[in-house]
Amino acid sequence: RFDVLVVGGGPAGATAAIYAARKGIRTGVAAERFGGQVLDTMAIENFISVPYTEGPKLAAALEQHVREYEVEILNLQKAVKLVPGADIVEVEFANGASLRSKTVILATGARWRQMNVPGEDTYRNKGVAYCPHCDGPLFKGKRVAVIGGGNSGVEAAIDLAGIVAHVTLMEFDSALRADDVLQRKLKSLPNVTILTSAKTTEVLGDGQKVSGLTYENRNTGESVKVELEGIFVQIGLLPNTEWLKGTVELSPRGEIVVDAHGQTSVPGVFAAGDCTTVPYKQIVIALGEGAKASLSAFDHLIRSSAP
Ligand code: FAD
(Lines give C-alpha, C1' and ligand atoms only; values in the text may rest on other atoms or scores of the structure.)
Protein backbone atom coordinates (compact mmCIF):
# COMPACT_ATOMS: atom_id res chain seq x y z
CA ARG A 1 0.00 0.00 0.00
CA PHE A 2 1.46 3.34 -1.08
CA ASP A 3 1.14 6.80 0.39
CA VAL A 4 1.52 8.27 -3.10
CA LEU A 5 1.01 6.29 -6.28
CA VAL A 6 1.89 8.15 -9.46
CA VAL A 7 0.36 6.92 -12.72
CA GLY A 8 2.57 7.99 -15.63
CA GLY A 9 6.33 8.24 -16.01
CA GLY A 10 6.85 11.37 -18.13
CA PRO A 11 8.26 14.66 -16.82
CA ALA A 12 5.19 15.28 -14.62
CA GLY A 13 5.13 11.78 -13.12
CA ALA A 14 8.88 11.62 -12.54
CA THR A 15 8.86 14.95 -10.72
CA ALA A 16 5.82 14.01 -8.64
CA ALA A 17 7.57 10.79 -7.57
CA ILE A 18 10.78 12.57 -6.57
CA TYR A 19 8.95 15.24 -4.57
CA ALA A 20 6.94 12.54 -2.74
CA ALA A 21 9.95 10.33 -2.04
CA ARG A 22 11.84 13.32 -0.61
CA LYS A 23 9.13 13.52 2.07
CA GLY A 24 10.07 10.01 3.20
CA ILE A 25 6.69 8.53 2.30
CA ARG A 26 5.97 5.30 0.43
CA THR A 27 6.00 6.18 -3.25
CA GLY A 28 5.35 4.20 -6.41
CA VAL A 29 5.24 5.07 -10.12
CA ALA A 30 3.38 2.91 -12.60
CA ALA A 31 3.88 3.82 -16.25
CA GLU A 32 3.02 2.30 -19.57
CA ARG A 33 6.28 3.66 -20.99
CA PHE A 34 8.67 5.40 -18.63
CA GLY A 35 9.91 8.64 -20.22
CA GLY A 36 6.64 9.51 -21.96
CA GLN A 37 6.52 11.81 -24.96
CA VAL A 38 10.07 12.89 -24.32
CA LEU A 39 11.15 9.53 -25.76
CA ASP A 40 9.69 10.58 -29.12
CA THR A 41 11.42 13.97 -29.16
CA MET A 42 14.70 14.80 -30.86
CA ALA A 43 16.10 18.25 -30.16
CA ILE A 44 14.99 19.96 -26.96
CA GLU A 45 16.13 23.57 -26.71
CA ASN A 46 13.73 24.97 -24.12
CA PHE A 47 14.65 22.93 -21.07
CA ILE A 48 15.88 26.00 -19.27
CA SER A 49 19.51 25.87 -18.09
CA VAL A 50 20.26 23.10 -20.62
CA PRO A 51 20.57 24.87 -24.00
CA TYR A 52 20.40 21.63 -25.98
CA THR A 53 19.47 18.06 -25.19
CA GLU A 54 17.76 15.14 -26.89
CA GLY A 55 14.62 13.30 -25.86
CA PRO A 56 16.06 9.85 -25.11
CA LYS A 57 18.87 11.47 -23.12
CA LEU A 58 16.45 13.54 -21.03
CA ALA A 59 14.17 10.50 -20.52
CA ALA A 60 17.13 8.46 -19.24
CA ALA A 61 18.11 11.32 -16.92
CA LEU A 62 14.55 11.53 -15.55
CA GLU A 63 14.57 7.82 -14.76
CA GLN A 64 18.05 7.95 -13.23
CA HIS A 65 17.01 10.83 -10.99
CA VAL A 66 13.91 8.92 -9.81
CA ARG A 67 16.10 5.88 -9.09
CA GLU A 68 18.21 7.97 -6.70
CA TYR A 69 15.26 7.69 -4.33
CA GLU A 70 13.30 4.88 -2.78
CA VAL A 71 10.60 4.77 -5.40
CA GLU A 72 9.01 1.58 -6.63
CA ILE A 73 8.98 1.82 -10.43
CA LEU A 74 6.50 -0.38 -12.26
CA ASN A 75 7.25 0.08 -15.96
CA LEU A 76 5.08 -1.28 -18.80
CA GLN A 77 1.95 -1.12 -16.65
CA LYS A 78 -1.19 0.30 -18.23
CA ALA A 79 -3.80 1.60 -15.80
CA VAL A 80 -7.34 0.78 -16.90
CA LYS A 81 -9.52 1.78 -13.93
CA LEU A 82 -9.52 4.11 -10.94
CA VAL A 83 -11.62 3.08 -7.95
CA PRO A 84 -12.03 5.91 -5.43
CA GLY A 85 -12.59 5.02 -1.77
CA ALA A 86 -12.90 6.78 1.58
CA ASP A 87 -9.23 6.66 2.57
CA ILE A 88 -7.78 4.40 -0.11
CA VAL A 89 -7.80 4.76 -3.87
CA GLU A 90 -7.30 1.69 -6.02
CA VAL A 91 -5.80 1.59 -9.51
CA GLU A 92 -6.41 -1.45 -11.69
CA PHE A 93 -4.03 -2.45 -14.49
CA ALA A 94 -4.44 -4.17 -17.84
CA ASN A 95 -2.59 -7.27 -16.56
CA GLY A 96 -5.26 -7.77 -13.87
CA ALA A 97 -3.14 -6.50 -10.97
CA SER A 98 -4.25 -3.63 -8.78
CA LEU A 99 -2.46 -1.23 -6.45
CA ARG A 100 -3.82 0.63 -3.44
CA SER A 101 -2.67 4.01 -2.26
CA LYS A 102 -3.74 6.77 0.11
CA THR A 103 -3.28 9.31 -2.67
CA VAL A 104 -2.93 9.01 -6.44
CA ILE A 105 -1.33 11.45 -8.88
CA LEU A 106 -2.52 11.10 -12.45
CA ALA A 107 0.18 12.09 -14.95
CA THR A 108 -0.73 10.10 -18.04
CA GLY A 109 0.09 12.84 -20.54
CA ALA A 110 -1.33 13.22 -24.02
CA ARG A 111 -0.67 12.31 -27.63
CA TRP A 112 -0.89 14.38 -30.81
CA ARG A 113 -3.56 13.32 -33.29
CA GLN A 114 -1.84 12.27 -36.49
CA MET A 115 -2.77 12.76 -40.12
CA ASN A 116 -2.21 9.07 -40.88
CA VAL A 117 -0.89 9.71 -44.37
CA PRO A 118 2.11 8.08 -46.07
CA GLY A 119 5.42 9.71 -45.09
CA GLU A 120 4.22 11.12 -41.76
CA ASP A 121 5.92 8.43 -39.66
CA THR A 122 9.03 8.32 -41.84
CA TYR A 123 9.66 12.04 -41.51
CA ARG A 124 8.58 12.59 -37.88
CA ASN A 125 11.25 14.82 -36.27
CA LYS A 126 12.75 15.19 -39.78
CA GLY A 127 10.43 17.99 -40.82
CA VAL A 128 7.12 16.69 -39.45
CA ALA A 129 6.53 18.43 -36.12
CA TYR A 130 3.68 18.81 -33.67
CA CYS A 131 4.76 21.60 -31.32
CA PRO A 132 5.43 25.13 -32.64
CA HIS A 133 6.75 26.35 -29.26
CA CYS A 134 9.28 23.52 -29.32
CA ASP A 135 10.33 23.26 -32.95
CA GLY A 136 9.36 26.60 -34.55
CA PRO A 137 12.88 28.11 -34.31
CA LEU A 138 14.34 25.06 -36.12
CA PHE A 139 12.55 26.28 -39.26
CA LYS A 140 13.81 29.86 -39.21
CA GLY A 141 13.79 31.27 -42.75
CA LYS A 142 12.24 28.09 -44.22
CA ARG A 143 8.83 27.24 -45.70
CA VAL A 144 6.32 25.33 -43.58
CA ALA A 145 2.75 24.13 -43.68
CA VAL A 146 0.41 24.07 -40.71
CA ILE A 147 -2.25 21.38 -40.95
CA GLY A 148 -5.49 22.32 -39.19
CA GLY A 149 -7.55 25.50 -39.15
CA GLY A 150 -8.84 25.37 -35.57
CA ASN A 151 -7.55 27.67 -32.84
CA SER A 152 -4.33 25.74 -32.31
CA GLY A 153 -3.55 25.59 -36.04
CA VAL A 154 -4.21 29.28 -36.63
CA GLU A 155 -2.27 30.26 -33.47
CA ALA A 156 0.63 28.10 -34.69
CA ALA A 157 0.52 29.72 -38.14
CA ILE A 158 0.58 33.24 -36.65
CA ASP A 159 3.43 32.26 -34.32
CA LEU A 160 5.46 30.59 -37.11
CA ALA A 161 4.88 33.42 -39.59
CA GLY A 162 7.11 35.57 -37.38
CA ILE A 163 9.97 33.06 -37.61
CA VAL A 164 9.81 31.23 -40.95
CA ALA A 165 9.86 32.52 -44.52
CA HIS A 166 6.38 31.33 -45.49
CA VAL A 167 3.45 29.48 -43.94
CA THR A 168 0.75 27.57 -45.81
CA LEU A 169 -2.22 26.88 -43.54
CA MET A 170 -4.32 23.93 -44.70
CA GLU A 171 -7.81 23.16 -43.49
CA PHE A 172 -9.78 20.07 -44.55
CA ASP A 173 -13.15 21.82 -44.17
CA SER A 174 -14.46 24.58 -46.41
CA ALA A 175 -13.82 27.22 -43.72
CA LEU A 176 -11.44 27.82 -40.82
CA ARG A 177 -12.85 27.05 -37.37
CA ALA A 178 -10.61 29.34 -35.31
CA ASP A 179 -11.96 32.38 -33.43
CA ASP A 180 -12.59 35.43 -35.65
CA VAL A 181 -9.94 37.52 -33.97
CA LEU A 182 -7.29 34.89 -34.80
CA GLN A 183 -8.53 34.54 -38.38
CA ARG A 184 -8.34 38.30 -38.88
CA LYS A 185 -4.81 38.39 -37.53
CA LEU A 186 -3.79 35.48 -39.77
CA LYS A 187 -5.27 37.10 -42.88
CA SER A 188 -3.35 40.31 -42.17
CA LEU A 189 0.03 38.56 -42.41
CA PRO A 190 1.91 38.96 -45.70
CA ASN A 191 3.72 35.60 -45.69
CA VAL A 192 0.75 33.28 -45.11
CA THR A 193 -1.31 31.39 -47.67
CA ILE A 194 -4.62 29.92 -46.46
CA LEU A 195 -6.03 26.86 -48.20
CA THR A 196 -9.44 25.44 -47.32
CA SER A 197 -11.04 22.21 -48.57
CA ALA A 198 -7.50 20.86 -48.68
CA LYS A 199 -6.96 17.25 -47.66
CA THR A 200 -3.31 16.37 -46.99
CA THR A 201 -2.56 13.12 -48.79
CA GLU A 202 1.19 12.53 -48.49
CA VAL A 203 4.35 13.83 -46.84
CA LEU A 204 7.16 13.95 -49.38
CA GLY A 205 10.86 13.70 -48.57
CA ASP A 206 14.29 13.12 -49.99
CA GLY A 207 15.00 10.12 -47.78
CA GLN A 208 16.53 12.34 -45.06
CA LYS A 209 14.03 15.10 -44.49
CA VAL A 210 10.75 16.61 -45.63
CA SER A 211 10.77 18.22 -49.08
CA GLY A 212 7.06 18.88 -49.53
CA LEU A 213 3.56 17.50 -49.34
CA THR A 214 0.66 16.72 -51.58
CA TYR A 215 -2.93 17.62 -50.91
CA GLU A 216 -6.22 17.02 -52.65
CA ASN A 217 -8.31 20.04 -53.52
CA ARG A 218 -11.65 18.69 -52.29
CA ASN A 219 -13.62 21.01 -54.58
CA THR A 220 -11.98 19.86 -57.81
CA GLY A 221 -10.43 16.49 -56.83
CA GLU A 222 -7.12 17.76 -58.18
CA SER A 223 -3.88 16.63 -56.48
CA VAL A 224 -1.49 19.50 -55.74
CA LYS A 225 2.17 19.39 -54.68
CA VAL A 226 3.68 22.04 -52.37
CA GLU A 227 7.43 22.32 -51.83
CA LEU A 228 8.43 23.11 -48.23
CA GLU A 229 10.74 22.09 -45.43
CA GLY A 230 8.44 21.65 -42.46
CA ILE A 231 4.93 20.45 -41.58
CA PHE A 232 3.28 21.29 -38.25
CA VAL A 233 0.34 18.99 -37.56
CA GLN A 234 -2.25 20.79 -35.42
CA ILE A 235 -5.34 18.61 -35.57
CA GLY A 236 -5.72 17.93 -31.88
CA LEU A 237 -3.98 16.85 -28.70
CA LEU A 238 -5.64 13.84 -27.11
CA PRO A 239 -5.22 13.43 -23.34
CA ASN A 240 -4.62 9.82 -22.19
CA THR A 241 -7.68 9.89 -19.94
CA GLU A 242 -10.15 7.55 -21.66
CA TRP A 243 -9.81 5.17 -18.69
CA LEU A 244 -10.99 7.86 -16.25
CA LYS A 245 -14.31 8.70 -17.91
CA GLY A 246 -17.10 8.62 -15.34
CA THR A 247 -14.75 8.63 -12.31
CA VAL A 248 -12.88 11.92 -12.48
CA GLU A 249 -14.30 15.16 -13.88
CA LEU A 250 -12.97 15.74 -17.40
CA SER A 251 -13.26 18.84 -19.60
CA PRO A 252 -15.10 18.59 -22.95
CA ARG A 253 -11.66 17.90 -24.51
CA GLY A 254 -11.06 15.03 -22.10
CA GLU A 255 -8.55 16.86 -19.91
CA ILE A 256 -8.63 16.18 -16.16
CA VAL A 257 -10.09 19.24 -14.45
CA VAL A 258 -7.69 20.42 -11.72
CA ASP A 259 -7.61 23.42 -9.41
CA ALA A 260 -4.57 25.57 -8.66
CA HIS A 261 -3.29 22.82 -6.32
CA GLY A 262 -3.60 20.02 -8.87
CA GLN A 263 -6.62 18.61 -7.01
CA THR A 264 -9.13 16.68 -9.15
CA SER A 265 -12.83 16.19 -8.46
CA VAL A 266 -12.00 13.06 -6.41
CA PRO A 267 -10.58 13.56 -2.87
CA GLY A 268 -7.05 12.20 -2.60
CA VAL A 269 -6.59 12.17 -6.37
CA PHE A 270 -4.36 14.81 -7.96
CA ALA A 271 -3.22 15.31 -11.53
CA ALA A 272 -0.40 17.04 -13.39
CA GLY A 273 1.01 17.69 -16.85
CA ASP A 274 -0.40 17.29 -20.34
CA CYS A 275 -3.39 15.19 -19.16
CA THR A 276 -4.88 18.16 -17.25
CA THR A 277 -6.66 21.42 -18.03
CA VAL A 278 -3.48 23.40 -17.30
CA PRO A 279 -2.69 25.27 -20.53
CA TYR A 280 0.48 25.02 -22.67
CA LYS A 281 1.79 21.50 -22.93
CA GLN A 282 5.51 21.78 -22.31
CA ILE A 283 8.19 19.87 -20.43
CA VAL A 284 9.03 22.65 -17.97
CA ILE A 285 5.34 23.16 -17.25
CA ALA A 286 4.79 19.41 -16.67
CA LEU A 287 7.76 19.34 -14.29
CA GLY A 288 6.39 22.24 -12.24
CA GLU A 289 2.87 20.84 -12.19
CA GLY A 290 4.20 17.44 -11.07
CA ALA A 291 5.95 19.07 -8.12
CA LYS A 292 2.80 20.98 -7.24
CA ALA A 293 0.50 17.94 -7.36
CA SER A 294 2.95 15.99 -5.21
CA LEU A 295 3.16 18.69 -2.54
CA SER A 296 -0.66 18.85 -2.58
CA ALA A 297 -0.86 15.08 -2.10
CA PHE A 298 1.54 15.37 0.86
CA ASP A 299 -0.57 18.16 2.31
CA HIS A 300 -3.65 15.95 1.92
CA LEU A 301 -1.87 13.10 3.75
CA ILE A 302 -0.87 15.17 6.77
CA ARG A 303 -4.38 16.56 7.06
CA SER A 304 -6.24 13.26 6.71
CA SER A 305 -7.05 11.16 9.76
CA ALA A 306 -5.88 7.82 8.29
CA PRO A 307 -2.57 6.81 9.96
P1 FAD B 1 3.92 12.44 -21.05
O2 FAD B 1 5.30 12.82 -21.39
O3 FAD B 1 2.95 12.21 -22.15
O4 FAD B 1 4.01 11.12 -20.16
C5 FAD B 1 2.87 10.37 -19.85
C6 FAD B 1 3.25 9.09 -19.13
O7 FAD B 1 2.06 8.39 -18.76
C8 FAD B 1 4.05 8.10 -19.96
O9 FAD B 1 4.96 7.41 -19.14
C10 FAD B 1 2.97 7.15 -20.49
O11 FAD B 1 3.47 5.87 -20.86
C12 FAD B 1 2.10 7.05 -19.25
N13 FAD B 1 0.72 6.60 -19.46
C14 FAD B 1 -0.21 7.04 -20.34
N15 FAD B 1 -1.36 6.37 -20.18
C16 FAD B 1 -1.17 5.49 -19.17
C17 FAD B 1 -1.97 4.51 -18.51
N18 FAD B 1 -3.26 4.31 -18.85
N19 FAD B 1 -1.42 3.77 -17.51
C20 FAD B 1 -0.12 3.97 -17.14
N21 FAD B 1 0.68 4.87 -17.71
C22 FAD B 1 0.17 5.63 -18.72
N23 FAD B 1 8.02 20.00 -24.86
C24 FAD B 1 8.99 20.92 -24.61
O25 FAD B 1 8.94 21.60 -23.58
N26 FAD B 1 10.04 21.06 -25.48
C27 FAD B 1 10.18 20.33 -26.62
O28 FAD B 1 11.12 20.51 -27.40
C29 FAD B 1 9.16 19.36 -26.91
N30 FAD B 1 9.19 18.64 -28.05
C31 FAD B 1 8.23 17.70 -28.27
C32 FAD B 1 8.34 16.90 -29.41
C33 FAD B 1 7.43 15.89 -29.64
C34 FAD B 1 7.58 15.03 -30.86
C35 FAD B 1 6.37 15.66 -28.70
C36 FAD B 1 5.39 14.54 -28.92
C37 FAD B 1 6.24 16.47 -27.59
C38 FAD B 1 7.17 17.49 -27.35
N39 FAD B 1 7.08 18.32 -26.23
C40 FAD B 1 8.07 19.23 -25.98
C41 FAD B 1 5.97 18.21 -25.27
C42 FAD B 1 6.41 17.45 -24.02
O43 FAD B 1 7.00 16.22 -24.41
C44 FAD B 1 5.22 17.22 -23.10
O45 FAD B 1 4.64 18.46 -22.73
C46 FAD B 1 5.63 16.49 -21.81
O47 FAD B 1 6.27 15.27 -22.10
C48 FAD B 1 4.42 16.23 -20.93
O49 FAD B 1 4.78 15.49 -19.83
P50 FAD B 1 3.74 14.59 -19.05
O51 FAD B 1 4.54 13.94 -17.96
O52 FAD B 1 2.56 15.38 -18.68
O53 FAD B 1 3.21 13.50 -20.09
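Me: Which residues of α1 are buried?
Reply: The buried residues of α1 are P11, A12, G13, A14, T15, A16, A17, I18, Y19, A20 and A21. Buried means that 20 or more other C-beta atoms lie within 10 Å of the residue's own; exposed means 12 or fewer, partly exposed is in between, and C-beta atoms are placed from the backbone. The model is a predicted one, in which local features need pLDDT of at least 70, side-chain atom pairs count only at pLDDT 80 or more, and totals for chains, interfaces and linings use all residues. Residue numbers start from 1 along each chain as its sequence is written.

Me: Where do the labels of helices and strands come from?
Reply: They are DSSP runs, numbered from the N terminus: helices are H or I with at least four residues, strands are E with at least two.

Me: Why is α1 described as largely enclosed?
Reply: Because 11 of the 11 residues of α1 are buried, the helix is largely enclosed by the rest of the structure.

Me: And what covers the buried residues of α1?
Reply: The cover includes β1 (2-7), β2, α2 (55-67), β5 (71-75), β8 (98-106) and α6.

Me: At what angle do the axes of α1 and α2 cross?
Reply: Roughly 15 degrees, and the axes come within 9 Å. That makes α1 roughly parallel to α2. Axes are lines fitted to C-alpha atoms, for helices over the stretch in contact, with angles from 0 to 180 degrees between N-to-C directions. Under 35 degrees counts as roughly parallel, over 145 as roughly antiparallel, 65 to 115 as roughly perpendicular, and the rest as oblique.

Me: Left-handed or right-handed crossing?
Reply: α1 and α2 cross in a left-handed way. Left-handed means the near helix is turned anticlockwise from the far one by less than a right angle, right-handed means clockwise.

Me: Which residues of α1 and α2 meet?
Reply: From α1, P11, A14, A17 and I18; from α2, L62, H65 and V66. By class, that contact of α1 with α2 has 6 nonpolar residues, 1 polar and no charged. Two residues are in contact if their C-beta atoms, placed from the backbone, lie within 7 Å. Ala, Val, Leu, Ile, Met, Phe, Trp, Tyr, Cys and Pro count as nonpolar, Asp, Glu, Lys and Arg as charged, and the others, Gly among them, as polar.

Me: How do α4 and α5 pack?
Reply: Helix α4 (residues 151-161) and helix α5 (residues 180-187) pack at about 30 degrees, with axes 10 Å apart. That makes α4 roughly parallel to α5. Here too the crossing of α4 and α5 is left-handed. N151, V154, E155, A157 and I158 of α4 make the contact with L182, Q183, K185 and L186 of α5. The classes in the contact of α4 with α5 are 5 nonpolar, 2 polar and 2 charged.

Me: Switching to the ligand. How many residues surround the ligand?
Reply: 39, and the closest are G8, G10, G36, G109 and G273. Two or more residues of the shell come from each of α1 (11-21), β2 (27-31), β9 and α6. The shell has 19 nonpolar, 14 polar and 6 charged residues.

Me: What is the phi of N125?
Reply: Near 65 degrees, a positive value in a residue other than glycine. Most residues other than glycine have a negative phi. N125 sits in the loop between β9 (110-112) and β10 (128-129). N125 counts as partly exposed because it has 15 C-beta neighbours inside 10 Å.

Me: And what about Y280, what phi?
Reply: Positive, about 65 degrees, although Y280 is not a glycine. Y280 lies in the loop between β19 (269-271) and α6 (283-303). With 9 other C-beta atoms within 10 Å, Y280 is exposed.

Me: G153, buried or exposed?
Reply: Buried, because G153 has 26 other C-beta atoms within 10 Å. G153 is in helix α4. Apart from neighbours within four places in sequence, G153 is in contact with V146, I147, G148, L169, A178 and Q234. G153 and A178 are 25 residues apart along the chain, with C-alpha atoms separated by 8.0 Å.

How values were computed
A residue is near a molecule or strand if its C-beta atom, placed from the backbone, lies within 6 Å of it.
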